[in-house]
Amino acid sequence: MAISSLGIGSGLDLNGILTSLMEVEQQPLIALQKKEFSSQSRISSLGTLRSALASLQSAAATLAPDIGKTAVEKYQTLRATASDSSIATATVSTGAIATSYSLTNITLAKAEQIRKSGSDLTIPAAGSNGTLSIQVGGPSADTVDVSVTGGSTLSDIATAINGAKAGVTASVINDGTTDHLILAANATGAANTTKVTGSAGWESFDYSTGTANSWTVRQAATSASVDINGLTVTSDTNTIENSISGVSISLLKESASGTSLSVSMDNSTNLTSALTTFVKAYNASAATIRELGAYNAETKVAGALQGDSTWRSAQNQVVNMLLTTAGGSSAYQTLTDIGVTIQTDGSLKLDSAKLTKAISADFDNVAGLVGKIGKAFNDGINNIIGATGTLTSATENTNRVIKDLQSRQDALELRLTQTQARYQKQFAALDTMLAGLNSTSSWLSQQLASLPGAYSGNNK
């Protein structure tokens, strides 16, 4: 007889027995799965380590000078400083030299501003449309035609002018009794005067320098002027460029006495900024690296790479990079000599005062040391995370292990499927056999019970 469900024929819990057997058979597969999970976790942790090292490498690379440039050239710069920065400031670029200048008789560039009372402006009635031609900057400047509508208010006229981008900004101010139209040129400088020409019927809007036509000049167009070491220099804007090679001066306030301007060599700012940025980047990366391999005694939780040889090698190499020396006879040979010290937790601390003192004492060699540190970190980290680096090799090896584990799991899962099918077949045969034996036993019992003289529990 055929048995469709294990145990029905025999009355035994064959499904439970099969499940227990398969749990035993699956132990090798579970072991492989645990190994794969561990390897996948390592890949993730190695990726975190790589990211931390890459960030540190990027920060360190900025310490080293570009090819063909010395560390001194990289960090040394000129800086312009005004004795009174409320009067003028300045920036320097290529071509500047270290010297000083006197800036006197300073006047600022201003934009022309004119106004006219609404009572003096005639706006034609509705239907009498026209044009206001506006020109800023003299006869050779472009003219912008502004379409105006008869019956408009002064505010409508101002809106039309602003929408045409005619080089002026129009506004309306009411003094309590009368609206006034204000036109302010957008550009400063004596050359940037305003000219307005109205078409027929709109002539009350006409204005040009020397022909006021009832317009009031609130502010005349003026250029900036400054005496630099006694020589008068003018500009349409309040920025004086090209008068001093490599120096751009911004005039802020009018002053007869003016201010002095010093262009001097700055050895500290760029170097201090670069080293400060590096220390911050190092501490951030080092904290991540340290956490990956640490063990917390209180929580009894280990870092993802605790005890990992690749992590230990990378950490040791990074620490050794900090010990890079300048070489030569300078007193400033290591980072410690210029104020960068390693703390008990492995982080770095910068003593700015000590760094400033070192820069003042021997800028060339301090700059050279910092540049050498940058190159040591850039090259050293490349040996870890580069195409042939130790971290890259470890990652590739772990990926190969994962691939092998997955292949072995696939083969084992197929074998387990076959094993389960074999057990089911064997148990089904056993169930059928036991069902037959039970049936035979029952038949024999019936036959024996029917024989003459057979004992029965009902016989008295």
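Author: Buried means under 20% relative accessible area. The model discussed here is predicted.

Reader: Why does F278 count as buried?

Author: The relative accessibility of F278 is 1%. The cut-off is under 20%, so F278 counts as buried.

Reader: Why does Y282 count as buried?

Author: Y282 has a relative accessibility of 4%. Buried means under 20%, so Y282 counts as buried.

Reader: What makes F278 and Y282 an aromatic pair that is tilted?

Author: The search of the whole structure finds 5 aromatic pairs. One of them joins F278 and Y282, at 6.3 Å centre to centre and 45° between the planes. Ring centres must lie within 6.5 Å, and planes under 30 degrees apart count as stacked, over 60 as edge-to-face and the rest as tilted; therefore the pair of F278 and Y282 is tilted. Both residues lie in helix α5 (residues 269-293), 4 residues apart, about one turn of the helix. Ring pairs also link F278 and Y282 with F377 into a cluster.

Reader: How do you know that the charged end of K74 sits over the ring of Y75?

Author: The distance from the centre of the Y75 ring is 5.5 Å. The limit is within 6 Å of the ring centre and within 35 degrees of the ring normal, so K74 is counted as sitting over the ring of Y75. R422 lies over the face of Y423, at 5.5 Å from the ring centre.

Reader: What makes β1 and β15 a pair?

Author: Strand β1 (residues 77-82) and strand β15 (residues 259-266) share 6 bridges in the antiparallel sense. At least two bridges are required, so the two strands pair. Within β15, S262 is the bridge partner of T81.

Terms used:
Residues are numbered from 1 along each chain as its sequence is written. This is a predicted model: local features need pLDDT of at least 70, side-chain atom pairs count only at pLDDT 80 or more; totals for chains, interfaces and linings use all residues. Side-chain values use heavy atoms; hydrogens and water are left out. Rings of Phe, Tyr and Trp (its six-membered ring) pair if their centres lie within 6.5 Å; planes under 30 degrees apart count as stacked, over 60 as edge-to-face and the rest as tilted. Buried means under 20% relative accessible area, exposed over 50%, partly exposed in between (1.4 Å probe, protein chains only).
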